[in-house]
Amino acid sequence: MSQQIPHESAILHVTGEARYIDDLPASDNLLLGRVVYSPHAHARIISFDLLKARKAPGVVAILSFKDIPGHNQMGPVVKDEPCLAETQVTFAGQAMFLIAAASDAQCRAAEKLIEVKYELLDSILSIEDAIEKNNLLGPPRTMNRGDADTAMKNSPHVIKGELRTGAAEHWYLESQAALSVPGEGPEITVYSSSQNPTETQAVVGEVLGIKKKDVVVEVRRMGGAFGGKETQANHTACWSALLCRATGRPVKIRLFRDDDMIMTGKRHRFLIRYEAGFDDEGKIRVVKLELNSDAGAAADLSFAIMERAMLHCDNSYFVPNMAVLARVWKTNLPSNTAFRGFGGPQGMAAIETIIDRIARVLHKDSLDIRKMNFYGLGDNNVTHYGQVVENNHLHTMYDQLVKSSEYATRRKSIEEFNQANEFYKKGLALTPVKFGISFTTTHLNQAGALVNIYNDGTVLVNHGGTEMGQGLHTKIQQIAAAELGVSIDRVRVNATNTSKVPNTSATAASSGTDLNGMAVKNAIEILKDRISATVAILFNEKDASVTTDKIEIVFENDFISDAKHLDRRIGFAEAMPQMVLRQVSLSSTGYYRTPGIKWDKTKGWGKPFHYYAFGMAVSEVLVDALTGAVKFLRADILHDVGDSINPGIDIGQVEGGFIQGVGWVTTEEIKWDATGNLMTHSPDTYKIPTAQDIPLDFRVALLQGVPNPDVIRKSKAVAEPPLMLSLSTWLAIKDAVSATANHEFEPDFSIPATNEIILLSIEKLKHRKKARTSHQMLE
């Protein structure tokens, strides 16, 4: 069924007709909302005075926590996140007051009139500080297999070290936004830029003190999200809804870019401590990991993110003895949240660092160490949490990519280049990805749909997934058309709306197409059964020689036919009025839940994933050893998407995810000052990848001939796994840095590898090389 059709909103995007929250038509009585937030990372609120601000020109309402009619809580899992601060603030950027006025300028003028007195309190601004003060957010978790301590003692070689991975900003093009419109009585409609309309509906209802039936949340599309709108879109929706309820008028809030970056959570920083034992060949015998993450001021999804980090710290490698200890720490920074990969990148970075170090210790190419430790096809194929790695494509992909990327030839050429050049060094690295597909919170693996067929033969599909640019609605449109056997222009996918499909899960965990596509298929199967029975009667009325129970109905090419007598057929559009005349319902809900998942969170054992998606990348870079500047020369990517529903969209996701990951591992550095205020809160201080950061030679291919059983159209999820292929770029840079000291010492390296980190690492290698030379001379 694979079709390379354009994104369903592509023309609307390029013509500017696609409507986002800020584009929605509004009535003359629309108010704009503004959020007043804390300038302090940790302080007690002694008092506040809103009287002068409330009298400012154009101001219709100013709200504090005292004006919240329901619960003052927005925590999605743990109720530890107030909608508006009460007695203290716990991070700079925490919402305190809400202003509604006729214009943004009036809101800002009123904000200056608000008087607040604070008592400053000590702040915790780093993982190290949190560890020192034992400021745990919750109990530690462990995952264990084998006897790690004994295996470590018996290993011929042992390495120890630390790895720090940095935070990252989502930098969605459309900042957090919501428009709330009052209805009759308690009713309210919220147009939200949210990945999770059902959760937004629930949290808005709780804050307003009303039932879910009175709250409708609609999402037409988002201008990007990347996980940053899975839970934290709830905040803007709640603030908008509170002002709407207080004023009785529509209220829109769209965060200014700087405010968005200051107020919202990031990718979790990690401090990883590792120890690994291996033999003379490079075969891993044991790995011990201590994972420490920075949750920020509240739980958000930090525990689920840490769980996925624990589940992916093996990446693609069989480790017979493994011990993982994980701790989530509380700091006085905005609550960190979901971000593409959801802990997987940090976990994979740990094991890839270990593999890279083993190669350097043994003076081997890390390529060989990786291949040696891949999960096996018949044995050595069970993860440290008990899941069998089925349909393992790692070895096939390795063979194909090593050949197509000309790895061996390029490795030799790079070695020659590095020997001949003192101030420029090249680096090369291959890294794989094995990424589990499913929510690890098992009950979330479900989806619903509502499919309506009209009597003109057109089809309207509603489902619980949300479109954020990734092409979900396009794939759902293709799935619906293929299942009904009609041309794609007959099908439209509607805006996601909680009054159409209830109780949905977030569009996250890369499972949007898997879950919602199957729910749509289920709805269409029900409709086809109804239609088939009536069409069989129609055929029998025209020719009674074949009884209805012998007629096999097929839907294809915009016709409904008898499979055994193809002359018996009726156009799909022609048949629908007949269905209405014969009182056949042309509307059906659909439902799907992922089968076979059995995951014991307490024991850390079982089958948390429906399947694995695989990928592999080779990166080559050129590093200027005098400035730390990096030129990305070439990337070769081979990615596994099963039978692709839409190759164009899938390749776009691979390319985009990879480059977003390149930003995380190279230029995207988040910095806070000593008082907890974000310093990198605009595009002039926070550096996302640009056209100059894309590889000069960028080659992306999809693995062919690998259908994925028991998944919609035999496809695979694609959204998150490609991001982690960027670890090949990070390690290629490290390879080039290592070459400055002839690969004799382990570079001091972290994520992101900024120019500064690269230069400091090179400088440390020079000092170590010089110190060893001096020591040898003394001997």
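Reader: Which residue is the bridge partner of Gly277 in strand 14?

Author: In this predicted model, Gly277 has Val286 of strand 14 as its bridge partner.

Reader: How do you know that strand 13 and strand 14 pair?

Author: Two strands pair if there are at least two bridges between them. Strand 13 and strand 14 (residues 284-296) have nine bridges and run in the antiparallel sense, and therefore they count as paired. Five residues lie between the strands of this hairpin, and Gly282 takes a positive phi near 110° there.

Reader: What makes strand 8 a partner of strand 13?

Author: The requirement is again at least two bridges. Strand 8 (residues 157-165) is joined to strand 13 by nine bridges, so the two strands pair, in antiparallel fashion. Within strand 13, Glu275 stands opposite Lys160.

Reader: Why is strand 13 called mostly covered?

Author: A residue is buried when its relative accessible area is under 20%. Eight of the nine residues of strand 13 (residues 270-278) are buried, and therefore the strand is described as mostly covered.

Reader: What makes Tyr274 a contact of Leu289?

Author: Contact requires heavy atoms within 4.5 Å. Tyr274 is among the residues in contact with Leu289, as are Ile272 and Arg273, so each of these has a heavy atom within 4.5 Å of one in Leu289.

Reader: Which residues have the most contacts inside the largest nonpolar core?

Author: They are Leu289, Leu291 and Ile560, in a core of 158 residues. Helix 15 (residues 512-542) gives the most to this core, with 12 residues.

Definitions and conventions. Residues numbered from 1 in each chain as written. Predicted model: local features only at pLDDT ≥ 70, side-chain atom pairs only at ≥ 80, totals over all residues. Heavy atoms only, no water. Core = buried A, V, L, I, M, F, W, Y, C linked by side-chain atoms within 4.5 Å. Buried < 20%, exposed > 50% of the residue type's maximum accessible area, 1.4 Å probe, protein only. Helix = DSSP H or I, 4+ residues; strand = E, 2+ residues; numbered from the N terminus. Lists of a residue's contacts leave out its neighbours within four places in sequence.
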